[in-house]
Amino acid sequence: MVTLKAGRPLGSQSMRFEWERALEECKALAHLDLSRNEIGNEGVRRLGVVLGECTALAHLDLSHNRIGAEGAGRLGE
């Protein structure tokens, strides 16, 4: 299980590149908890691109973020 909890919100510019780099290395990632990280629509779009390579992912928790209907729809792209 990988849980990314940060002192700075993952939606912030400084953290965005850190979590994108970390997730690109996790091809065998099965469980990811990104709850309560202030991820918005743009952040979830970028997350969807990176997670497309994580074929073992079985559980993704994005609860309590700032993802609207547009962002939720983009995650599946």
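**Exercise 1.** Is R45 buried, partly exposed or exposed?

*Solution.* Keep in mind as you work that this is a predicted model. Start with the cut-offs: buried means under 20% relative accessible area, and exposed means over 50%. R45 has a relative accessible area of 25%. That value lies in between, so R45 counts as partly exposed.

**Exercise 2.** Find the salt bridge of the structure and describe the two residues that form it.

*Solution.* First, the count: the structure holds one salt bridge. Next, the partners: the side chains of E42 and R45 come together, with 2.7 Å from N to O. A salt bridge requires a distance within 4 Å, so this pair qualifies. Then look at the setting. Both residues sit in helix α2 (residues 41-51), three residues apart, which means that about one helical turn separates them.

**Exercise 3.** Work out the order of helices and strands along the protein chain.

*Solution.* Begin with the inventory, which is three helices and three strands. Now walk along the sequence, and you will read β-α-β-α-β-α.

**Exercise 4.** Which element of the protein chain has the lowest mean pLDDT, and which the highest?

*Solution.* Then go element by element. Strand β1 (residues 2-3) has the lowest mean, 52, while strand β3 (residues 59-61) has the highest, 89. A word of caution: where pLDDT is low, predicted coordinates should not be read in detail.

How values were computed:
Residues are numbered from 1 along each chain as its sequence is written. This is a predicted model: local features need pLDDT of at least 70, side-chain atom pairs count only at pLDDT 80 or more; totals for chains, interfaces and linings use all residues. Side-chain values use heavy atoms; hydrogens and water are left out. pLDDT is the predictor's confidence in each residue, from 0 to 100. Helices (H or I, at least four residues) and strands (E, at least two) are DSSP runs, numbered from the N terminus. Buried means under 20% relative accessible area, exposed over 50%, partly exposed in between (1.4 Å probe, protein chains only).
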